[in-house]
Amino acid sequence: MMKKTIAAALAALLVLALAACENGGKNTEGSSSPAGTNATAGTSAPAETSSQPAGTPVPSADASSQPAESGSASAPSADHSTVLVAFFSATGTTKGVAEKIAAITGGDLYEIVPAEPYSDADLNWNDRGSRSTKEQNDKSVRPAIGSAAIGLAGYETVYLGFPIWWGEEPRIMDTFVEAHAFDGITVIPFCTSASSGIGRSGPNMEALAGSGKWLDGKRFGGNVSEADLRAWIESLK
Ligand SMILES: Cc1cc2nc3c(=O)[nH]c(=O)nc-3n(C[C@H](O)[C@H](O)[C@H](O)COP(=O)(O)O)c2cc1C
């Protein structure tokens, strides 16, 4: 009788212990749920930054005060391409063309990212007071570059891409060309636009750069085919 009572008590204890374990498991799972949500949110962060070029963005003050070709640390590695496709793109059109050119040439891609991104309001060409309009109206403005500085050592050809703003290159392109030495480099400007040609963008930048062999630039629509780009690139040789 006594043995039966003890056995029944032990069985009851065992049932209680198992129940406690099960609850503990559920609690653990429950507490990881918000973390899981956070982790999902966290994965969107790299996506946001994926449009940024490789490298740690340098503070705008440093970028704007960067001396031409400063430091060998930013020089490309020995096995880098001799072709660089450097571009600025406010809304992605020029970026698409730049990526195609890089794919055709096997060139490295470098995005000129503004330290202060352009908002939709900044890009409103109907607003005389918008940032882009004011910048284009003042040839001395040099918007700071926020992407990691790049050295041009080792590059023989640089394709330089940008959107047309008020008939010419955005001022941030002037920031870029003034910050680099293009000696021994063939520079090939290209642009996208709604309809305008490349105008005097190339000669403007050539004068500001003061070095390099600058070829005539070319304007493309955003939907230019790879075949057309390939034909253009071949025609430059
Ligand atoms: C401020 C501003 C000014 C522009 N001025 C012109 C222009 O003068 N002529 C033109 O054909 N397109 C003009 N555009 C249209 C852009 O050149 C065109 O949409 C370009 O493909 C955008 O390239 P992105 O997406 O690489 O920034 C202008 C766009 C902006 C935002």
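This briefing walks through the overall fold, a pair of packed helices and the surroundings of the ligand. The model you are looking at is a predicted one.

**The chain as a whole**

- The protein chain has 237 residues, and 28% of them are buried.
- Among contacts in the protein chain with a separation of 6 or more, 80% are between residues 24 or more positions apart.

**How α5 and α6 pack**

- To describe two packed helices, we use the angle between their axes and the distance between the axes.
- Here, helix α5 covers residues 171–178 and helix α6 covers residues 201–209; their axes come within 8 Å and cross at roughly 35°.
- The α5 and α6 crossing is right-handed.
- On the α5 side, the residues that meet α6 are Met 173, Asp 174, Val 177 and Glu 178, while α6 contributes Met 205, Leu 208 and Ala 209.
- Sorted by class, the residues of this contact between α5 and α6 are five nonpolar and two charged, with no polar ones.

**A closer look at α5**

- Helix α5 is mostly covered, with seven of its eight residues buried.
- The buried residues of α5 are Arg 171, Ile 172, Met 173, Asp 174, Thr 175, Phe 176 and Val 177.

**A closer look at α6**

- Which residues of α6 are buried? They are Ser 201, Gly 202, Met 205, Glu 206 and Ala 209.
- These residues lie on the same side of α6, because they cover an arc of only 125° around the axis.
- The cover over the buried residues of α6 includes helix α5 along with the strands β4 (186–192) and β5 (213–214).
- Just after α6 you will find Gly 210, which takes a positive phi of about 75°.

**Around the ligand**

- There are 21 residues around the ligand, and those that come nearest are Ser 89, Thr 91, Thr 93, Thr 94 and Pro 163.
- Which helix gives the most to the shell around the ligand? That is helix α3 (residues 93–105), with three residues.
- By class, the shell around the ligand is made up of 12 polar, eight nonpolar and one charged residues.

Technical notes. Residues numbered from 1 in each chain as written. Predicted model: local features only at pLDDT ≥ 70, side-chain atom pairs only at ≥ 80, totals over all residues. Axes fitted to C-alpha atoms, helices over the stretch in contact; angles between N-to-C directions. Helix = DSSP H or I, 4+ residues; strand = E, 2+ residues; numbered from the N terminus. Left-handed = near helix turned anticlockwise from the far one by under 90°. Contact = placed C-beta atoms within 7 Å. Nonpolar A, V, L, I, M, F, W, Y, C, P; charged D, E, K, R; others polar. Buried ≥ 20, exposed ≤ 12 C-beta atoms within 10 Å, placed from the backbone. Arc of directions from axis to C-beta. Near = placed C-beta within 6 Å.
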